[in-house]
Every structure is written in C-alpha cells, then in structure tokens.
Amino acid sequence: MSSRAQVYLLSFIFIFIGIGLTIYKNSELEFPLLPGERKAIWTVEAKIEFKATDKPVTVSFALPHNPPEMGILDEDFTASGYGFGWDSNQQERRAQWAKRKAKGKQVLFYKVQVFQQSGISQVEADIPPTETKVPDLSPSLKTTISQLVTYVYNRSADNTTFATELIRLINDKEPIEDVQLLLGNQGLSKTRLALNALALANVPARVARGLRLEDGRRNQKLTTLIEIFDTDHWVFLNPKTGQKGLPDNFILWQRGGSSLLDVEGGENSKVSFSIIKNSQPAKSFAILHGAENQAALVDFSIYSLPIEQQNVFKSILLVPIGAIVVVLMRILVGVKTSGTFMPILIAIAFIETTLFTGLIIFLVIVSIGLFIRSYLSRLNLLLVARISAVVIVVISIMAGMSILSHKLGISEAMSVTFFPMIILAWTIERMSILWEEEGPKEVFTQGGGSLLVATLAYLLMTNQYVEHLTFNFPELLLALLGCIILLGQYTGYRLTELRRFQPLAED
C-alpha cells in the first residue's frame, strides 16, 4: 500500500471514530452538543398510609420497571423501623417492607427521580403474553358479552382496531343495547367490561397504571390504561377515548399485576403521589447517569479525574484547535510565522491576559528584547551563552513590567507572567538573526503573521462552543487529527501565491 493510500485510510479511520463516538455520546449517553442545555428531572414521591392492627405487617408495593420513554435516575425508600426487601418476578418489580409488630397509623415513602428519554412509539414484547384467561362469568353475562364481541369483530381488522372500536362503543353517549345492559343491569365498570370482552375475543390484554407528570401536583392517583398485544408488540389504549399510545409526560408505573398495593396486618390502606419538576445542567446529568450505568466513555474519561486536573486538561485540549489554525494558515493560506507553533503558545497566553493586553505586552517585550539582542551581537558571544543572556533579559523585562504596572495601578499588565519566557527568548533570537540576514521587512512579515495566527487561534479557542465541544467530546480530536493528516498531503498553491503568479495568468 502506498504512503498516500495509508494517509487517506488513517485519516478516514480517525475521522470516522471521532465523529462516531461523538454521536454515540450525544444520542445514547445524552451529552449535550451545545453549552447551557438543561435536563428536566421529575421527582415523584409515593406516600403509603395504613392503620396497623397490632400484628406483623408486610407491605408490598409495585414499582416502575423500565418505563417506556422514561429513565430512572435515582430511587429512595423511607420507612422508620421497617425492614426492606424485594418481592419481584419476571413481570413485575415490587418493594416489600416488613415489621414484626406495629400499631396505629403507619406512613411509608418511596421516591423516584425520572427523566424523559427518546423512545419508540410501540412497546416491544419484552414480556411474552400468557394464554388468555377467560373470566368466570355467569351464562347470561357471558352470552351478552359474546354478542358484543361478535358485533365488534365484524367491524375491525386486527386486535388494535378491535379494541379501539370496543372502547368507542362502550364510551358512546348513546351506546348499543348490549352495552346498556352490561353497564346498567349487570353493574360492570367500563374498564372491566372492556377487559372481559377482550378476553372472550382471545385478545391478550391487561391493565396498566401510570402517572401524568405535572409540576407541583399533590395527592394524585394513578391513571388506568388498557394494554393489548397485537402481532409482536404491546399497544396502550385510553379506556375512555380509545386513543393509542402513552400521554405526554407520562410515567408507566405498573403493567399487569394483580394490585398496586398489598398490606398484611393493616387496614384502610391508600397511596397518593406528589410530583415536582426540577432541572439541572444536561452535562451533569449525563455524567451522573453514565456513571450509574458504568458507561466506559464516562468511567474512563476526563470526568473521572480530580477537579484540579480537569481544569488543566480543559486548557490542554484547546491546543489542537490552535494547531489546526496554524496548519490551515500556513499550508492553505501561506502566512509566514516566526516558528511553527509559537503562535499557539502566544494564543494560550492571550487567553490568560485578554487579547488587547496580550498584544501590547508581547510587542513591548519583543521590541526591548530585540534592542538588547542587537547589543549582545556586538560582543561575539557563543549561541548558548547568547540565548541564556536573552532569557535572563526577558525575565528582567517581565519582572520590571509587573512591578511598574503594580505601582501605577495597571493590574492588566501584571499578567505578563503568563507568557512563555523561553519561547519569547527564542523568538527574539530568531527575529534578530532574520533582521541581520533578510532585513526588517521579513521580520515584520513573520512577526505580523505570527500575531495574526495567534489572534485567530485565540478567537477560536475562547469560543464557548469550541470550549464545550473539546472538553465534553475529546473524541473530536481524533477527527481533527484525521483532517490534519489529510492537509499534510496538500502540495497545491497557497492563497498568498495567487497574487504572486497573477501575471502568468494574465499572459
């Protein structure tokens, strides 16, 4: 494989991996692409109350289990003096509290934090439907419901349309005779009538209970839905309107199951729900949620480091942004700079000093340094000694500027210490040699080019969107690496050379 083919292959691999990991973190781990995004967190508190009868007490309460379009962030169980355990099976998740002896009013609390997450409209058959159980009905009642089933069957095409038409007829303002008889004389509720009819029609169905999330609500009760199995998925239906799907901002609390709350050793039990909505930064939420799920991209990431080291890397991760600016400006535009990556270090210093102050400090130090360097050149010193002398001169200039600015009350100039003194010394040495060999024009060309590139790098590195992406999606640096490798193969004209060769184009 040729070197050019290897370059293209490596570049596309790096770009693909970088962008792919970024998309994964955004879609699956919910890291925000934009700074300042916030995530809504719903806190639901279930309050269980009952009166104990001075006997051993066992309380079993149904809990939400993988609710569609909702994720569980945290759970908390509070019950003074009670032991806690789980009473779960394949189809249901239940909490169990127990106490050897209790008397009087008892109050237990369950609190859960949930959040909205992208989901599918249909609920897959994660729980295979069992054989439809025909309810034990009297012959006359069974005959009447069978007539209703036959009537609805002829007006439907599948299980979903059958259930929808059945619910519509049951809730019609002027129901048909069979429905009037069943709801009136037989005393069946509308939900129970729908479930009995679905069972006689051999349509797998069950009761589902959920809670509509509304901020600041108290003493709420669960909403009942009917869930039917159609082909390969479950379909939720509103038993009052026949509308398919779950309502907006709705957490499914229980699917199937015989009861929501079972209390042994107590009486007059009830459960009520209170809801409150909070919001937190989407990034903090993604880190917490990813850590709880033990996501590798969170466990083995910068977020696992102490805060002090995170702040260091927040600046380090901006260096590749400056590198891509230097590559673009030198390879494609053709701007000359004093040193290859000196503009990046100057841009980092500008971040600490602000742009205007940094430019003034840089020009002052380099100007004084060039003047002193011109004197040192007359002493015929060796290179190492001359560079060392320039370093000491630069440090002296920086110290003098800091002291003078402090005495004059100019606090901005005290940030001169953020400039890399070794790089400044080498810059002064290079410019001095360039002045002697090429003249002042080339010095101003390369010096001005360095400041231009440093300024552009500074503007990009201080952009809040760039800072957010580099710190939260460091995988994008792989994509930058791929782009830089591709640019390294460019051998065409630079923009600054177009003017140089303009006479040839005119000819």
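**Helix packing**

In this predicted model, helix α9 (residues 319-333) packs against helix α14 (residues 440-461) at an angle of about 140 degrees, and their axes are 9 Å apart. Angles over 145 degrees count as roughly antiparallel and 65 to 115 as roughly perpendicular, so α9 is oblique to α14. The crossing in which α9 passes α14 is right-handed. On the α9 side the contact is made by Val-319, Ile-321, Gly-322, Val-325, Val-326 and Met-329. Helix α14 contributes Leu-452, Val-453, Leu-456, Ala-457, Leu-460 and Met-461. By class, this contact of α9 with α14 has 11 nonpolar residues, one polar and no charged.

Leu-148, Val-149, Tyr-151, Val-152 and Tyr-153 of α2 meet Phe-162, Glu-165, Leu-166 and Leu-169 of α3. The contact of α2 with α3 has eight nonpolar residues, no polar and one charged.

The other partner of α2 is helix α4 (residues 177-184), packed at an angle of about 145 degrees with the axes 9 Å apart. The crossing of α2 and α4 is left-handed. From α2, the contact uses Leu-141, Thr-144, Ile-145, Gln-147 and Leu-148; from α4, Asp-178, Val-179, Leu-181 and Leu-182. By class, six residues in the contact of α2 with α4 are nonpolar, two are polar and one is charged.

Technical notes
Residues numbered from 1 in each chain as written. Predicted model: local features only at pLDDT ≥ 70, side-chain atom pairs only at ≥ 80, totals over all residues. Heavy atoms only, no water. Contact = heavy atoms within 4.5 Å. Helix = DSSP H or I, 4+ residues; strand = E, 2+ residues; numbered from the N terminus. Nonpolar A, V, L, I, M, F, W, Y, C, P; charged D, E, K, R; others polar. Axes fitted to C-alpha atoms, helices over the stretch in contact; angles between N-to-C directions. Left-handed = near helix turned anticlockwise from the far one by under 90°. Parallel < 35°, antiparallel > 145°, perpendicular 65-115°, else oblique.
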